[in-house]
Amino acid sequence: MSEAVKRPVGRPRRDDNSAQVVLAAAADLFATRGFDATSMRDISTAAGVQPASVYYHFRSKEALLVAIVDRAATEVADRVRRAVTADDPWARLEQACAAHLTALLHGEGAMRVLATEIPSRRSGEVHQAMLAIRDSYEQVFRDLVAALPLRPKVDRRYVRLTLLGAVNWSLIWYRPDGDSPTVIARRIVGVIRDGAANSGSGQ
């Protein structure tokens, strides 16, 4: 995430091992039980620490949520950028989606929290922090969609929103014995390309 995005609400007080253990435990619980159904005591028990230790690093459950989403967005953005190596803009988008899907479907609980926690469910500082994280991550896809050879009247914002909605929804219907993230990415991007591409843009 950009250093210009200020998110003090979600920063641990000290970057030591116990803070990372708490983050990992909270991410798993938020991903499996849901944020609202998880208490700070649940998190301390799962992390194997006293409740006071959780509050030492994170002043609230909301601060933990922001820290989890921030870390997941940073990690997956790095993966996506490293994965994009092709010259063709459609191939680049497909590579980005495959990296995103791999992190979402085979990654840690933090990635599932990133995909399912909606900023509008929260308020105040937490809402603003989560919006900033989401917007910073989605800039990767804004840039990729901006480079696509689309028909003149196609709204690129809706292309991006449709794309991200489709890849994130895979968390609901994906089966390990089904298509791989690479195949899913190819098919999702193919649907968008077939419907929105300029007729002279290749495949």
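**Briefing: helix packing, core and loop residues**

In the UniProt record, an unreviewed entry, the feature "DNA-binding region" is placed at residues 39–58; such annotations may be inferred rather than shown by experiment. The structure is a predicted model in which local features need pLDDT of at least 70 and side-chain atom pairs count only at pLDDT 80 or more, whereas totals for chains, interfaces and linings use all residues. Residues are numbered from 1 along each chain as its sequence is written, and side-chain values use heavy atoms, with hydrogens and water left out.

**Annotated span**
- Residues 39–58 are 75% helix and 0% strand, and the end C-alpha atoms of the span lie 13 Å apart.
- Helices (H or I, at least four residues) and strands (E, at least two) are DSSP runs, numbered from the N terminus.

**Packing of H4 and H5**
- Helix H4 (residues 61–83) packs against helix H5 (residues 89–106) at an angle of about 145°, and their axes are 8 Å apart.
- Axes here are lines fitted to C-alpha atoms over the stretch in contact, and angles run from 0 to 180 degrees between N-to-C directions.
- From H4, Val76, Arg79, Val80 and Ala83 meet Gln95, Ala96, Ala99, His100 and Ala103 of H5, contact being heavy atoms within 4.5 Å.

**Nonpolar core**
- The largest nonpolar core has 64 residues, and Leu64, Leu93 and Phe141 have the most contacts inside it.
- Such a core is a set of buried Ala, Val, Leu, Ile, Met, Phe, Trp, Tyr and Cys residues joined through side-chain atoms within 4.5 Å.
- H4 provides the largest share of this core, 12 residues.
- Within H6, Gly109, Ala110, Met111, Val113 and Leu114 are buried (under 20% relative accessible area; exposed is over 50%, partly exposed in between, with a 1.4 Å probe and protein chains only).
- The cover over the buried residues of H6 includes H1, H4 and H5.

**Loop residues**
- Gly107, in the loop between H5 and helix H6 (109–116), counts as partly exposed because its relative accessibility is 23%.
- Gly107 and Val76 are 31 residues apart in sequence and 9.5 Å apart in space, C-alpha to C-alpha.
- Val154, in the loop between H7 and H8, counts as buried because its relative accessibility is 19%.
- Not counting residues up to four places away in sequence, Val154 touches Val159 and Ala196.
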